[in-house]
Amino acid sequence: MGAMMRDTVEQQVSKLAEGEGRACACGNLRKAARAITQLFDEALRPAGLRATQFGILGATMAMGPLTVTKLADVTVTDRTTLTRNLRLLAKKGLIRIQTGNDRREREVTLTDRGREALARGYPFWQRAQAHVVKGLGEERWNALREGLSAVVSLTRGS
């Protein structure tokens with residue numbers, strides 16, 4: 001790499017370190033996602049669920065039996081991560097995974113035990129949700145929710 005190009009790269013990295021990094025969309029969204037996940041994980045702990053598990057169970061209940069591919073799409077989760085989470089939920093008896101209509105696909109169904117787990121977790125989720133909405137204020141929460149939906153749409157080419 002030439003000296004001129006190295007200086008340009010070093011200058012750019014310097015800008016990043018000096019403050020541009022604090023404006024990074026990815027870094028800020030990931031930090032917020034980690035913080036909110038920790039809050040909801042802690043809130044759901046008495047129900048024996050993590051935030052990711054609660055979300056997967058909720059999506060499965062809302063959409064009825066659905067394929068792993070559709071569930072990955074709806075939850076914006078890569079299939080490998082989702083499959084790992086689904087295995088844990090199936091092991092606990094909260095979901096059932098079986099071959100779908102198309103033998104290449106696997107279909108996810110919420111079990112009665114899964115419905116009970118959601119019902120057990122719901123009051124804890126509700127408390128955490130109310131804490132976030134109250135802390136931000138209704139108007140700010142609604143704007144944030146709309147903004148986050150726009151980010152998801154932007155990344156998916158919608």
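**Inside the core**

Modeller: Start at Leu-49. Leu-49 touches Asp-41, Leu-44, Phe-54, Leu-57, Leu-94 and Ala-117, leaving out residues up to four places away in sequence. A contact here means heavy atoms within 4.5 Å.

This is a predicted model: local features need pLDDT of at least 70, side-chain atom pairs count only at pLDDT 80 or more, and totals for chains, interfaces and linings use all residues. Residues are numbered from 1 along each chain as its sequence is written, and side-chain values use heavy atoms, without hydrogens and water.

Now the core. A nonpolar core is a set of buried Ala, Val, Leu, Ile, Met, Phe, Trp, Tyr and Cys residues joined through side-chain atoms within 4.5 Å. Buried means under 20% relative accessible area, with a 1.4 Å probe and protein chains only. The largest nonpolar core has 19 residues. Leu-49, Leu-57, Leu-71, Leu-82, Leu-86 and Ile-95 have the most contacts inside it. Helix H3 (51–63), helix H4 (68–75), helix H5 (79–91), strand E3 (106–110) and helix H6 (112–136) each supply at least two residues of this core. H3 gives the most, with 4 residues. Helices (H or I, at least four residues) and strands (E, at least two) are DSSP runs, numbered from the N terminus.

Step back to the chain. The protein chain has 7 helices and 3 strands. Along the sequence, their pattern is α-α-α-β-α-α-β-β-α-α. Of the 158 residues, 23% count as buried. Among contacts between residues at least 6 apart in sequence, 50% join residues at least 24 apart.

Terms used: Buried < 20%, exposed > 50% of the residue type's maximum accessible area, 1.4 Å probe, protein only.
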